[in-house]
Amino acid sequence: MEVLRMNLAKVRIPEPTNRIYKQECCISFDTPKSEGGLFVDMNTFLAFGKDYVGWNFEKTGNPVYLHIKQTKKAIPEDRPLKKPTLLAIGVDGGFDNQEPEYDETYNIIILPDYATLPFPSVQLPEKVRLAVDAILIAEGAERKEQLASWTADKKQISEHALTLKQIENGVIVPPSGWKCAKCDKTENLWLNLSDGMILCGRKLWDGSGGNNHAIDHYNETHYPLAVKLGTITSDLEGADVFSYPEDESVTDPLLAEHLAFFGIDFSSLQKTEMTTAEKELDQNTNFDWNRIQESGQEVEPIYGPGYTGLVNLGNSCYLASTMQVVFSTHSFCSRYYKNQNLKMAFDNAPADPTVDLNMQLTKLANGLLSGKYSMPAVQNNDVDSSPNSKQEGIRPRMFKAVIAASHPEFSTMRQQDALEFFLHLIEQVERIHSGNPNLDPSRSFKFGIEERLQCPSGKVAYNKRHDYILSLNIPLDKATNKKELEEFQKLKAQKEAKGEKLSSEEIVRPRVPLSECLDSFSSPEDVQGFFSTALNTRTTAIKTAGLTSFPDYLVLHMRKFVMEAGWVPKKLDVYIDADDIIDISHMRSKGLQPGEELLPEDGPGGQEESTKVLANEDIVSQLAGMGFNHLHCQKAAINTSNVGVEEAMNWLLSHMDDPDIDAPIQKEAGNNDVDPSKIAMLVSFGFEEEVAKKALKASGGDIEKATDWIFNPPASSGPTDMDATSSSGPTTTTVDPTLPDGNGKYRLIGLVSHIGSNTQCGHYVAHVYKEGRWVIFNDDKVGVSKDPPKDMAYLYFYERIQT
């Protein structure tokens with residue numbers, strides 16, 4: 001007690017704004033349930049496991065800790081299951097994982113001798129009692145962040161609800177017997193709250209759902225709000241109201257009045273349809289995992305180093321599947337596990353290690369690769385040894401928080417695109433290694449792409465860029481089972497004519513070889529609106545592409561999500577015949593060849609003419625029809641050299657937050673004069689003069705943006721200055737010494753597969769080839785894979801075969 005009084009100055013009473021960690025160690029995945037419990041630093045409110053609290057004492061000198069230990073209670077066998085009402089895990093109303101209950105005990109611990117004082121105790125100084133009470137009452141930082149993410153996803157009040165104009169057209173909606181006004185659909189019907197039209201909803205990727213009549217009606221009339229019939233009951237808060245301009249489910253505080261306008265007495269209606277959220281919830285609760293999850297097969301569980309499951313934080317399977325594959329690569333395993341231990345990462349971390357990406361990557365690597373947390377889950381005090389058992393696993397909460405800090409979408413609890421997450425991860429890892437690129441594990445994925453453009457004059461231009469993924473179109477016309485597909489289409493037409501549905505066994509999907517997808521990347525394509533400095537006019541150029549280097553790990557992204565007629569997102573229902581071994585040697589770019597003549601830097605009309613703005617109006621109008629700003633659509637078309645709508649939309653979605661997105665195009669086009677002093681400054685940094693000029697032009701003369709542009713050039717199909725050659729002179733070599741390179745033979749080592757209609761819903765599962773066998777990583781379920789879905793993956797990870 002005397003030692004404690006001597007150290008009272010090191011004890012703080014937390015304020016409401018303080019982040020208090022009391023559920024997980026910031027260096028490891030130890031929790032109060034761990035054998036040694038958890039130690040909360042009563043000065044910084046950071047938590048540490050038993051093996052790591054001494055490190056914190058050495059680093060900070062903080063001696064006083066609150067020790068929290070949880071001991072499991074016995075679970076009653078008749079404990080009822082709770083039905084979830086929220087798409088969440090581990091929060092009130094979310095999925096009930098039948099988590100056991102625990103008894104908690106507390107002690108005050110004083111280091112370095114681990115002197116122990118019980119809590120509660122009237123003998124403790126008042127400051128200590130107040131501090132401990134505040135820590136225990138406070139919502140833990142880990143849980144607070146999770147709840148905030150879910151709260152942010154709650155439906156907002158529509159801006160159109162309070163000003164909605166309803167049309168006096170005599171429409172009275174009956175209480176039942178509804179049917180789409182434009183087809184025979186009697187389910188998934190939406191009542192437009194402006195004119196009372198009853199129309200069917202969107203057609204889903206698999207052909208189910210409606211026929212898009214409700215959204216077609218909005219495109220014609222711009223009446224903004226609709227409510228889903230069958231979801232209206234006396235509890236109006238449960239009604240599914242959708243705002244087309246806002247493109248999301250919303251709250252209509254005047255819904256009772258808006259329904260009464262059409263004679264609807266909501267108090268007498270019974271619920272007959274699921275809301276959009278309930279359908280998503282139902283899919284998450286009762287999802288048919290099929291082949292990807294290898295359902296119907298007994299999966300032999302695996303435990304030990306490298307076989308640790310990741311507990312789902314709500315909708316974090318995109319993160320879990322990606323990180324399982326990433327940490328199966330030698331580059332990430334070496335950087336964050338073999339060559340850097342937890343002590344090194346903690347010593348180099350700032351005062352708050354929870355916000356340090358290097359620390360949290362090292363923590364995650366140790367959690368996944370050490371085997372410390374890879375053990376069977378305990379059910380009712382017994383180890384679950386059943387074939388489909390799950391692990392205790394680890395919760396990547398702190399890693400998710402720090403990797404998502406710079407990204408507004410990943411910080412939510414919504415499902416995300418695994419590809420976007422992978423690219424964001426690589427970008428952040430590259431950023432923290434900018435001072436020492438030799439340690440950067442993301443380099444193992446990096447490669448160069450060279451695009452060759454030939455105009456009708458016969459002269460050529462070359463453009464180079466770096467990328468981390470090879471995004472591949474899927475040429476359905478190259479399917480190898482065309483005869484079976486033709487027979488299937490006939491069967492489908494016959495069944496639809498009879499009003500019958502196809503069984504899953506009858507469905508035939510196109511099978512496209514991966515080699516055809518790779519060939520489509522290099523095959524010639526037309527680029528409309530290309531300005532030829534040789535002809536001094538806009539024309540159509542022919543573009544081909546190749547790789548200037550072959551990375552250690554090649555990530556192939558299959559473009560399964562496309563836009564079909566009516567701009568409805570569609571997922572291609574297709575199989576990719578992916579080989580275990582591929583050879584891409586033929587895809588190496590050859591560079592400028594003898595006899596080829598480069599397009600001149602300045603044509604007869606001068607450089608100003610070559611940068612005149614000329615966006616393809618077809619692309620612009622189609623993007624604008626999807627609700628995008630017209631100026632933004634023009635910039636998207638220009639910055640992708642009018643290659644196509646998909647490329648323009650991808651550019652637009654990734655540049656919506658650019659600070660100059662609303663700047664007039666004329667200013668950008670005419671701003672060709674670059675401050676010589678800024679060029680000189682970039683040259684002094686070690687950049688070439690031409691590169692510096694181009695970066696400053698692309699960045700509006702901003703030095704900081706120009707530097708970022710040099711390190712992260714636009715990854716679209718072609719930037720605005722694709723019109724000018726980027727080849728510095730005649731050369732026959734394309735080798736980039738800053739990138740890893742080697743032979744073009746690769747072995748398949750990982751798959752990330754997606755189940756669902758689009759990347760923002762459904763589920764991701766990883767399969768990794770380890771120690772001579774395929775392993776399935778399905779969140780916290782890890783086991784031997786009997787039938788890895790190699791033909792269904794969204795992302796393929798290949799490792800170069802060393803010769």
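Two strands are taken to pair if DSSP finds at least two bridges between them. In this predicted model, β17 and strand β18 (residues 537-547) run antiparallel and are joined by six bridges. Within this pairing, Glu525 stands opposite Lys543 of β18. The two strands belong to an open sheet of four strands, ordered β14-β13-β18-β17 and paired in the antiparallel sense. The edges of the sheet are formed by β14 (460-467) and β17 (525-532); each has a single partner strand, so one side of each is left without a neighbour in the sheet. On average, and with direction ignored, neighbouring strands of this sheet are turned by 35 degrees against each other. Helix α16 (residues 514-522) packs on the sheet and touches β13 (447-454) and β18, and the direction of the helix makes about 140 degrees with that of β18.

The loop between β17 and β18 contains Thr533. With a relative accessible area of 1%, Thr533 is buried, because the cut-off for that class is under 20%. A polar atom of the Thr533 side chain lies 2.6 Å from the backbone oxygen of Pro600.

A further open sheet consists of five strands in the order β2-β1-β3-β4-β5, again with antiparallel pairing. Its edge strands, β2 (47-49) and β5, each pair on one side only. From one strand to the next, the twist averages 30 degrees. Strand β3 (residues 64-72) is paired with β4 in the antiparallel sense over nine bridges, and Tyr65 stands opposite Ile109 in β4. Helix α3 (residues 126-137) packs on this sheet, where it touches β1, β3, β4 and β5; the helix direction makes about 70 degrees with that of β5.

Phe39 counts as buried, at 5% relative accessibility, while Tyr114, with a relative accessible area of 36%, is partly exposed.

Tyr318 and Phe421 form another edge-to-face pair, with 5.5 Å from centre to centre and 80 degrees between the planes. Because Tyr318 lies in helix α9 (residues 317-326) and Phe421 in helix α14 (residues 418-432), this pair ties together parts that are 103 residues apart in sequence. Tyr318 and Phe421 are both buried. Elsewhere, ring pairs link Phe327, Phe332, Tyr336, Phe422, Phe445, Tyr553 and Phe797 into a cluster.

Aromatic rings also take part in arrangements with lysine side chains. Lys343 lies over the face of Trp55, at 5.9 Å from the ring centre. For Tyr307, the charged end of Lys770 sits over the ring, 5.4 Å from its centre.

Note on methods: Residues are numbered from 1 along each chain as its sequence is written. Side-chain values use heavy atoms; hydrogens and water are left out. Buried means under 20% relative accessible area, exposed over 50%, partly exposed in between (1.4 Å probe, protein chains only). Rings of Phe, Tyr and Trp (its six-membered ring) pair if their centres lie within 6.5 Å; planes under 30 degrees apart count as stacked, over 60 as edge-to-face and the rest as tilted. A charge sits over a ring if NZ of Lys or CZ of Arg is within 6 Å of the ring centre and within 35 degrees of the ring normal. Axes are lines fitted to C-alpha atoms, for helices over the stretch in contact, and angles run from 0 to 180 degrees between N-to-C directions. Contact means heavy atoms within 4.5 Å. A polar contact is a pair of N or O atoms within 3.5 Å; within protein, one must be able to donate a hydrogen and the other to accept it, and residues adjacent in sequence count only if both atoms are side-chain atoms.
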